[in-house]
Amino acid sequence: MIELFRVLRPGGRLAAVDPDFTRSAQDADDSGVSDMLTAGAWRAVANPRSGRQLRSQMVGAGFIEVVVHPTLLVTTDADRFRALSPRSIEDRLNDLVGTGDLPSERAGAFA
C-alpha cells in the first residue's frame, strides 16, 4: 500500500477492490453444501478478511479521503463461482467428502 501511495501522482485517485471471504454467499439449491464451501474459502486464502482491512491500510499508508463502498456479491452460477474461488468447486467438494463432512452423492448432486 505504501508503494501505491508513493507512485500515485498528486491529486491522483486510486480504486481498489479486495474481497472479504468471511462475508460471501452463494445462491444454490443445497444451501448446506454452499455454506460448507463458503467456510472452506476462508481456509484457502492467506488473509480471508483482507477486504475489510483495505481502508485502514490505505489510511495508514497516507491516503486521505478514503471512501469505502462495501458490496455483497451473491454468486448464482458455477462459472462465476469458479472465477472467484481460489480452488475449484470440485476440489473443495472432494476435500469435504475426504474428511467425511459430506457424502459423495450429495457432493455429486451439488456439482
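Predicted model: local features only at pLDDT ≥ 70, side-chain atom pairs only at ≥ 80, totals over all residues.

Trainee: Then why is R6 called exposed?

Mentor: R6 has a relative accessible area of 57%, and the label needs over 50%, so R6 counts as exposed.

Trainee: What makes E3 partly exposed?

Mentor: E3, which lies in helix α1, has a relative accessible area of 45%. That value sits between the 20% and 50% limits, so E3 is partly exposed.

Trainee: How do you know that R6 forms a salt bridge with E3?

Mentor: The rule asks for a side-chain nitrogen of Lys or Arg within 4 Å of a carboxyl oxygen of Asp or Glu. For R6 and E3, the closest N and O atoms are 2.7 Å apart, so the pair meets the rule. As for their places in the chain, R6 and E3 are three residues apart in helix α1 (residues 2-7), and so about one helical turn separates them.

Trainee: And why do such side chains pair at all?

Mentor: Opposite charges can pair when the charged atoms come close.

Trainee: How many salt bridges does this rule give?

Mentor: Three. Another one joins the side chains of R52 and D20, at 2.7 Å from N to O. This pair links distant parts of the chain, with R52 in helix α3 (residues 50-61) and D20 in the loop between α1 and β1 (25-26), 32 residues apart.

Trainee: Is D20 buried or exposed, and what makes it so?

Mentor: D20 has 17% relative accessibility. Buried means under 20%, so D20 counts as buried.

Trainee: Which residue does R106 form a salt bridge with?

Mentor: With D30, where the closest N and O atoms are 2.7 Å apart.

Trainee: Why is D30 not called buried?

Mentor: D30 has 21% relative accessibility, while buried means under 20%, so D30 counts as partly exposed. R106, at 33%, counts as partly exposed too.

Trainee: What makes M1, L4 and L14 a nonpolar patch?

Mentor: A patch like this takes nonpolar side chains joined within 5 Å, from residues with over 30% relative accessible area and no salt bridge. M1, in the segment before α1, has 31% relative accessibility, so M1 passes that cut-off. Together, M1, L4 and L14 have about 220 Å² of accessible area.

Trainee: Which residues make up the largest nonpolar core?

Mentor: There are eight: V33, L37, F81, I89, L93, L96, L102 and A107. The elements giving two or more residues to this core are α2 and α5 (89-98), and α5 gives the largest share, three residues. I89 touches L37, A78, F81, R82 and F110, leaving aside residues up to four places away in sequence.

Trainee: Where is confidence lowest?

Mentor: In β1, at a mean pLDDT of 70, while α6 is highest at 95. The protein's mean is 85, and 97% of its residues reach 70 or more.

Methods. Residues numbered from 1 in each chain as written. Heavy atoms only, no water. Helix = DSSP H or I, 4+ residues; strand = E, 2+ residues; numbered from the N terminus. Buried < 20%, exposed > 50% of the residue type's maximum accessible area, 1.4 Å probe, protein only. Patch = residues over 30% accessible without salt bridge, like charges linked within 9 Å, V, L, I, M, F, W, Y side chains within 5 Å. Areas by Shrake-Rupley, 256 points an atom, 1.4 Å probe, with all protein chains shown as cover. Core = buried A, V, L, I, M, F, W, Y, C linked by side-chain atoms within 4.5 Å. Contact = heavy atoms within 4.5 Å. pLDDT = per-residue confidence, 0-100.
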